[in-house]
Amino acid sequence: MSNIKKAFENGKAFIPFITCGDPDLDTTYKSVISMVENGADLIELGIPFSDPVAEGVVIQGANLRALKGGVTTDKIFAMVKRLREEIKIPMVFMTYANVIFSYGAEKFIKTCRDINIDGLIIPDLPFEEKDEFLPFCHENNIDLISMIAPTSENRTAMIAKEAEGFLYIVSSLGVTGTRSKITTDLASIIKTVRKYTNIPCAIGFGISTPEQAAAMSKISDGAIVGSAIIKILEKYGTEAPKYIGEYIRGMKNAMIS
């Protein structure tokens, strides 16, 4: 449906995540530009929420800082519209169901189309309840991206058969955050997925080092990194875009070497 497939056309996709508005939207804007200049293939933009249940302490902190700084969904939409004057690669929003409900689902998703957002990731939306948003997504050419976790088991086939855009493979049990080791048998999960769909699979949760990104890209179509990038933002603040670019270049190089 959307342009998401373009992210996977030239080899393994590197997908960075950033929380919009941490520490401010101008830094988010500059960080995204730096990500694209340094090899990002798809950008995952987090819309802050006060109770981000899938997130560990690092991204929780980013959500709270952004909200405290006065970021709003409309301000994020305006920033993305400005970004679209500069970059063409696919972008998706990651946010929680309540953010979309409170804005108005139809209005939210139509606005996504208007600013050329390609997909939505909603971690707290059960697969069985996706019809709350799916008709609006289809009307507006937005992919509703599904997640498969180690606990999905007998639901994996069902989710894979109806996948759109790409499948977000959750590497580990628990919340987001860097991990020293990823021990889940992800290859077998992806092998099961491949029986039911040709949609690309990207692995997220816990990836932070070039070695991890390279390992994940060997068994999947891409790697998603969030907490490690948020740590750079937390450390460098408004000076972070330069350092984020350097980090992404190193991660991308590891995946293609």
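Is Glu162 buried, exposed or partly exposed, and what relative accessibility does Glu162 have? In this predicted model, Glu162 has a relative accessibility of 40% and therefore counts as partly exposed. Glu162 forms a salt bridge with Lys130, and the closest N and O atoms of the two residues lie 2.9 Å apart. This pair links distant parts of the chain, since Glu162 sits in the loop between α7 (156–161) and β7 (167–170), while Lys130 sits in the loop between β4 (119–121) and α6 (134–139), 32 residues apart.

The salt bridge of Glu162 and Lys130 can be set beside others, for a search of the whole structure finds 10 salt bridges. Asp221 and Arg194 also meet through their side chains in a salt bridge, with 2.8 Å from N to O. Asp221 lies in the loop between α9 (210–219) and β9 (222–225), and Arg194 lies in helix α8 (residues 186–194), so the pair ties together parts that are 27 residues apart in sequence. Arg194 has a relative accessibility of 34% and so counts as partly exposed. Salt bridges that share partners also join Asp22, Arg65 and Glu234 into one network. In a further salt bridge, the side chains of Asp114 and Arg113 meet at 3.1 Å, N to O. Here Asp114 counts as partly exposed, with a relative accessibility of 45%, and Arg113 likewise counts as partly exposed, at 36%.

Helix α5 (residues 105–114) also holds Phe108, a residue that is buried, with a relative accessible area of 0%. Leaving aside residues up to four places away in sequence, Phe108 touches Ile47, Thr73, Phe77, Phe93, Thr95, Ile100, Tyr103 and Leu120. Val71 is 37 residues from Phe108 along the chain, and the C-alpha atoms of these two residues are separated by 16 Å.

The packing of two helices comes next. Helix α1 (residues 25–37) and helix α11 (residues 240–256) pack with their axes 8 Å apart and at an angle of about 30 degrees. Because angles under 35 degrees count as roughly parallel, α1 and α11 are roughly parallel to each other. The crossing in which α1 passes α11 is right-handed. On the side of α1, the residues that take part are Thr27, Lys30, Ser31, Ser34, Met35 and Glu37, and these meet Pro241, Ile244, Gly245, Ile248 and Arg249 in α11. Sorted by class, the contact of α1 with α11 has four nonpolar, four polar and three charged residues.

In α9 the buried residues are Gln212, Ala213, Ala214, Met216 and Ser217. Gln212, whose place is in helix α9, has a relative accessible area of 10% and is therefore buried. Between Gln212 and Met251 there are 9.1 Å in space, C-alpha to C-alpha, although the two residues are 39 residues apart in sequence.

Note on methods
Residues numbered from 1 in each chain as written. Predicted model: local features only at pLDDT ≥ 70, side-chain atom pairs only at ≥ 80, totals over all residues. Heavy atoms only, no water. Salt bridge = Lys/Arg side-chain N within 4 Å of Asp/Glu carboxyl O. Buried < 20%, exposed > 50% of the residue type's maximum accessible area, 1.4 Å probe, protein only. Helix = DSSP H or I, 4+ residues; strand = E, 2+ residues; numbered from the N terminus. Contact = heavy atoms within 4.5 Å. Axes fitted to C-alpha atoms, helices over the stretch in contact; angles between N-to-C directions. Parallel < 35°, antiparallel > 145°, perpendicular 65-115°, else oblique. Left-handed = near helix turned anticlockwise from the far one by under 90°. Nonpolar A, V, L, I, M, F, W, Y, C, P; charged D, E, K, R; others polar.
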